[in-house]
Amino acid sequence: MAEQQEKNLILRSITKRFGDVEAVQDVTLEVRGGEFFTLLGPSGCGKTTLLRMIAGLEIPDNGQVLLGGDDITNLPATKRQVNTVFQSYALFPHLTIFENVAFGLRSRKVANDEVGKRVYRRLEMLGIQEMAQRKPHQLSGGQKQRVALARALVNEPDVLLLDEPMSALDAKLRGQVQVELKRLQRKLGKTFILVTHDQAEALVCSDRVAVMRRGKVIQYGTPEEVYDIPVNRFVAEFLGAANLLTYQVAEGGVQTPVGFLKLDRDAPKPEGTLAIRPEWIRISEEEPPVNGVRATVRETIYRGTNFDVWFDPGPIRVRTSSYKHFHPGDQAWLKLAPEELVVLDD
Amino acid sequence: MTEPSPKNIIWYGELTTQGSLMKRGLGFLSPGMVWLLVLLVLPGLVLVAVSLITRGSYGQLLWNFTSENYTRLLGFSVFGWTADYLRILWRSVVVAFFTTLLSVVLAYPLSFFIAARPERTRYFWLTLVIVPFWTNMVIRTYAWFLILAPEMPLAKAAGWLGLVSAGSPLYPSAFAVYLGMISIFLPFVTLPLYASVERLDWSLVEAAQDLYASRIRVFTQAIIPQTMPGLSVGIILTFVPAMGMFVVPDMLGGAKYMLVGNLIQQQFGASRDWPFGAAISMGLMVLTMISLQLYRRKFREVELV
């Protein structure tokens, strides 16, 4: 029900140049009110610049930013009902946690007891109310991140921006915080926009993901869509792992370095690239009815939850459960099912 | 196999003991300590002693202990009470305070300007700030004579506006004293402040803006606390010497604008009244300490850890 009141954010043909470099090129996106949206891409892809233009910390050279239908393109950060969790948290080192969280309310001259009430409500929600009188340097990375979250959320922003908020946390904590962040967003029903280069983070947190590269949005959709049907090599390899096979169209299917394969649709171009995820390949003793490849184990890598087994020809990488052991030289049939093969654009 | 002695420690890759480290440390420390002891503490004690004795009729020191020099500083004499000396002391505090304040006000934009220059030209601007250090202070102060002379545009403009009578120079005056003082102390504030500004974490400024802070609030909450280390150094390097400055007020203020530095110089020089000069010096030192203490108390809150 809260979601209906949340405002949509529309980016229309946004371009931003720094000198000769086009950091963001003609990006158009619609972020629905109340959704968890992620800008995913390698460093330097323009995702942070795009976020900063939503925050009002940069003004685009072209294009418009619309929030709930209002043009906020040229509105400075101080006037936008948008708040940011900064990468390094940017907590004020000379202020207590309480005053850090209260900062935005104090800027807006909210009455004292109202400030106290709202700050404590956020601190409690994030489980850091005992930290209220401490200074930022006395907190751990995870606690600082919560403070940064509380400091942004206490202002009831229309959109919450998160600029790589988990990059300073260790891997285990990061996994935990991703889930917490997702739950928090569901509970509040607010629009969150996350910037990250971590594909796992993007998949865990988001309702929708936009994959960016060199200032452009390459693909966007739900995490499942983007993961299952990557449009090109870049997306296929950036999100998770993928086996890429070049192909030439042949009678009834395609010819690839690992042999003849059938597809569940016609290939759009006479030659191109196929992708298949390592975990979608089945291994069997007998030859499968379609798309069977006789393969030899080249190398196995133990990853705890599974094995990554590299087969020749290819090499084709296959993710297998960790109770089944393979050894270099072992032979097996691989099934590259037609419905699991994705035809890429490039 | 020998048990390692518990006293052995590894210090930067060297096996040593706590005791020998301590000895070595004292060895390095003592020349500096002796220097301070001989050239700071002993003269200081002499000054205290001298401030408590009397002056003979020809200026010689007579070892009769008295507190008369201090009561005289407070304005009491055989002719009754006068605020003259206290006024000079107070004026010195005020001049030092405003010199520091104005220097800080000027140094902030200057530091940001220099820090914002591209690396190639930054050192050119920094050099411009440092150049005055290469010139003798007396010469620099004399230069103001020229600039403030009646024939120069500044004095003419002031005469035309009726601020001074036409054809007269702009010195000696309080204005000239401030001009001279600030030109001397501006580099002392700018250099340490620049060092802080250059390392400024701009994400705090952006965070403040993101949290709707006004320009003033951005400055007081995101910039001042971060530049506090450099600012403190600049303030102390300016305020303390400004309190005792005598060259500038002597040349640009004359008798019209006497500061405590001139008063002390006068006692040790022309008046040959060392005990009173020593008492004034003690008064100056106490005032300086009190001011620094007040400053520390006021700004302890914003000091970074």
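The model is predicted, with local features requiring pLDDT of at least 70, side-chain atom pairs counting only at pLDDT 80 or more, and totals for chains, interfaces and linings using all residues. Residues are numbered from 1 along each chain as its sequence is written, chains are lettered from A and ligands numbered from 1 in the order in which they are written, and side-chain values use heavy atoms, with hydrogens and water left out.

**Chain A**

Select chain A and colour it by secondary structure. The C-alpha trace of chain A spans about 75 × 45 × 40 Å along its principal axes. Of the 346 residues in chain A, 52% are buried, where buried means under 20% relative accessible area, exposed over 50% and partly exposed in between (1.4 Å probe, protein chains only). Among contacts in chain A with a separation of 6 or more, 64% join residues 24 or more positions apart; a contact means heavy atoms within 4.5 Å.

**From chain A to chain B**

Next, display Phe103(A) and Arg217(B). Arg217(B) lies over the face of Phe103(A), at 4.0 Å from the ring centre. The criterion is that NZ of Lys or CZ of Arg is within 6 Å of the ring centre and within 35 degrees of the ring normal. Within chain B, Arg117(B) lies over the face of Phe113(B), also at 4.0 Å from the ring centre.

**The domains of chain B**

Colour residues 8-50 of chain B as domain 1 and residues 76-299 as domain 2; the bounds come from an automatic or database domain assignment. The centres of the two domains, taken over C-alpha atoms, are 35 Å apart.

**Helices H4(B) and H7(B)**

Select residues 119-130 for H4 and residues 174-198 for H7 of chain B. These helices pack at an angle of about 155°, with axes 9 Å apart; axes are lines fitted to C-alpha atoms, for helices over the stretch in contact, and angles run from 0 to 180 degrees between N-to-C directions. H4(B) is therefore roughly antiparallel to H7(B) (under 35 degrees counts as roughly parallel, over 145 as roughly antiparallel, 65 to 115 as roughly perpendicular and the rest as oblique). Show the side chains at the contact, including Leu126(B) and Ile130(B) of H4(B) and Leu191(B) and Tyr194(B) of H7(B).

**Aromatic rings**

The structure holds 22 aromatic pairs over all chains. Rings of Phe, Tyr and Trp (its six-membered ring) pair if their centres lie within 6.5 Å; planes under 30 degrees apart count as stacked, over 60 as edge-to-face and the rest as tilted. Phe97(B) and Phe98(B) are an edge-to-face pair, 5.2 Å centre to centre with 85° between the planes. Phe97(B) is partly exposed at 45% relative accessible area, and Phe98(B) is partly exposed at 36%.

Move to Phe133(B) and Phe188(B), an edge-to-face pair at 5.0 Å and 90°. Phe133(B) lies in the loop between H4 and H5 of chain B and Phe188(B) in H7, so the pair ties together parts that are 55 residues apart in sequence. Then select Tyr108(B), Phe112(B), Trp202(B) and Phe219(B), which ring pairs link into a cluster.

**Last stop: Val247(B)**

Select Val247(B), in helix H10 (residues 247-253) of chain B. Val247(B) is buried, with a relative accessible area of 18%. Leaving aside its neighbours within four places in sequence, Val247(B) is in contact with Met137(B) and Val138(B). Ile280(B) is 33 residues from Val247(B) in sequence and 17 Å away in space, C-alpha to C-alpha.

Notes: Helix = DSSP H or I, 4+ residues; strand = E, 2+ residues; numbered from the N terminus.
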